[in-house]
Amino acid sequence: MRRAFADILTQSADEDDRLAFVTGDLGFQVFTDFQNKYPSRFVNVGVAEAQMINISAGLALEGWHPIAYSIASFATARAFEQIRYCIAYHNLPVILVGAGRGFTYSTSGISHHSADDLGLMSLLPGMTIVAPGEPFELKELFRQVLQQRKPAYFTVGRFGELSYEAEEVPVLGKARLVRKGSQVAILTVAEMVHDAIKAHTELAAAGCHPTIHQFHTLKPLDTDTLDLLAANHETFITVEEHVPSGGLWSAVCAWSATAPKRPQLRRLGPPDAFILGNPKREELRARYGFDAAAIVNACRKAFGK
């Protein structure tokens, strides 16, 4: 998805001569085309995310449309105070882009783990939060976020993420129907939709047909779709690469507290703990029970098969 992001970034700059790109990531070769084409609108601050946010806020105050980009753990946690006071407080149209969220960099240790970024950003008033799961979804949603001219946190994966077929096109603020089904609804965010689709194929062969919705927009949450799903689904299974607090699970639980009809809720995701060592991402998902196999097992139990 990083290549898709670089492409849509350059295309957006072609259409908007006030778009500026500020990065705190020294490994920026993927943005060479942008830098060569728009050198006066490219700023690399290095490993200084707080200054990246301050510069972006200053640009926004002068009428620019800045995109601030760094590795998700550094873009959010390291610079949280600056994001809070310099961007969110002033309601500035800065899009903060977190690359490699969740456990994308699982083998690099907890300094690079970002399983709390959505929660951190959701604490900020007025902050739109978008976590797409594939390149087409990313491009479509990034265009829509740009049009808002409001603060936003937008995540991108690393490299090699596959596209997937869905029943609906991506619309900011609306959950995307991926597979139609009944009785059980799988709710995903970011790249976890791929594991859900893989599980769906295996489940369909066993006569189980869950619905899959991709909640690429975590804030504002699409509660209308949750209400509709609750009317004809007995169980919701949230699948996320995020700690229990502040992510999709938390948002769905908050909705259910006042929902007219409350389905049974089940969460698949990492624990409320630091993940020590350097496990590969696939190993980590399997160990903590939120990979495709875990989704299959949870759905079979919900379907009673």
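## Terms and basis of the model

A salt bridge is a side-chain nitrogen of Lys or Arg within 4 Å of a carboxyl oxygen of Asp or Glu. Side chains of opposite charge can pair when their charged atoms come close.

The structure is a predicted model, in which local features need pLDDT of at least 70 and side-chain atom pairs count only at pLDDT 80 or more, while totals for chains, interfaces and linings use all residues. Residues are numbered from 1 along each chain as its sequence is written, and side-chain values use heavy atoms, with hydrogens and water left out.

## Salt bridges

A search of the whole structure finds 13 salt bridges. One of them joins the side chains of Glu49 and Arg78, with an N to O distance of 2.8 Å. This pair links distant parts of the chain, since Glu49 belongs to helix α3 (residues 49-61) and Arg78 to helix α4 (residues 72-78), 29 residues apart. Helices (H or I, at least four residues) and strands (E, at least two) are DSSP runs, numbered from the N terminus. Glu49 is buried, with a relative accessible area of 2%, whereas Arg78 is partly exposed at 43%. Here buried means under 20% relative accessible area, exposed means over 50%, and partly exposed lies in between (1.4 Å probe, protein chains only).

Another salt bridge is formed by Lys37 and Asp14, whose closest N and O atoms are 3.0 Å apart. Lys37 lies in helix α2 (residues 32-37) and Asp14 in helix α1 (residues 2-15), so the pair ties together parts that are 23 residues apart in sequence. Lys37 is partly exposed at 47% relative accessibility, and Asp14 is partly exposed at 42%.

Arg287 is partly exposed, with 44% relative accessibility, and Glu283 is partly exposed, with 41%.

Strand β1 (residues 19-23) is largely enclosed by the rest of the structure, because five of its five residues are buried. Both of its faces are covered: Leu19, Phe21 and Thr23 are buried on one side, and Ala20 and Val22 on the other.

Strand β1 runs parallel to strand β3 (residues 65-71), to which five bridges join it; two strands pair if DSSP finds at least two bridges between them. Within β3, Pro66 is the bridge partner of Ala20. Three bridges join β1 to strand β2 (residues 42-44), and these strands also run parallel. In β2, Val43 stands opposite Val22.

## Strand β9 and Thr211

Strand β9 (residues 211-214) includes Thr211. Thr211 and His213 point one way from β9, Ile212 and Gln214 point the other way, and all are buried. Three bridges connect β9 with strand β7 (residues 176-179) in an antiparallel arrangement, and Arg179 stands opposite Ile212. Four bridges connect β9 with strand β8 (residues 183-188), which runs parallel to it; Thr188 has Gln214 as its bridge partner.

Thr211 itself counts as buried, at 3% relative accessibility. A polar atom of its side chain lies 2.9 Å from the backbone nitrogen of Gly181. A contact means heavy atoms within 4.5 Å.

## Pro151 and its surroundings

Pro151 is found in the loop between α7 (135-148) and β6 (152-156). Pro151 is buried, at 1% relative accessibility. Pro151 and Leu92 are 59 residues apart in sequence, and 5.6 Å separates their C-alpha atoms in space. Leaving aside neighbours within four places in sequence, Pro151 is in contact with residues including Ile87, Leu92, Pro93, Val94, Met127 and Thr128.

## A nonpolar surface patch

Ile110, Phe274 and Leu276 make a nonpolar surface patch of about 370 Å². Patches consist of residues with over 30% relative accessible area and no salt bridge, with like charges joined within 9 Å and nonpolar side chains (Val, Leu, Ile, Met, Phe, Trp, Tyr) within 5 Å. Accessible areas come from the Shrake-Rupley method with a 1.4 Å probe, and for residues only the protein chains shown count as cover. Leu276 is located in the loop between β12 (264-268) and α11 (281-287), and Leu276 is exposed, with a relative accessible area of 63%.

How values were computed: A polar contact is a pair of N or O atoms within 3.5 Å; within protein, one must be able to donate a hydrogen and the other to accept it, and residues adjacent in sequence count only if both atoms are side-chain atoms.
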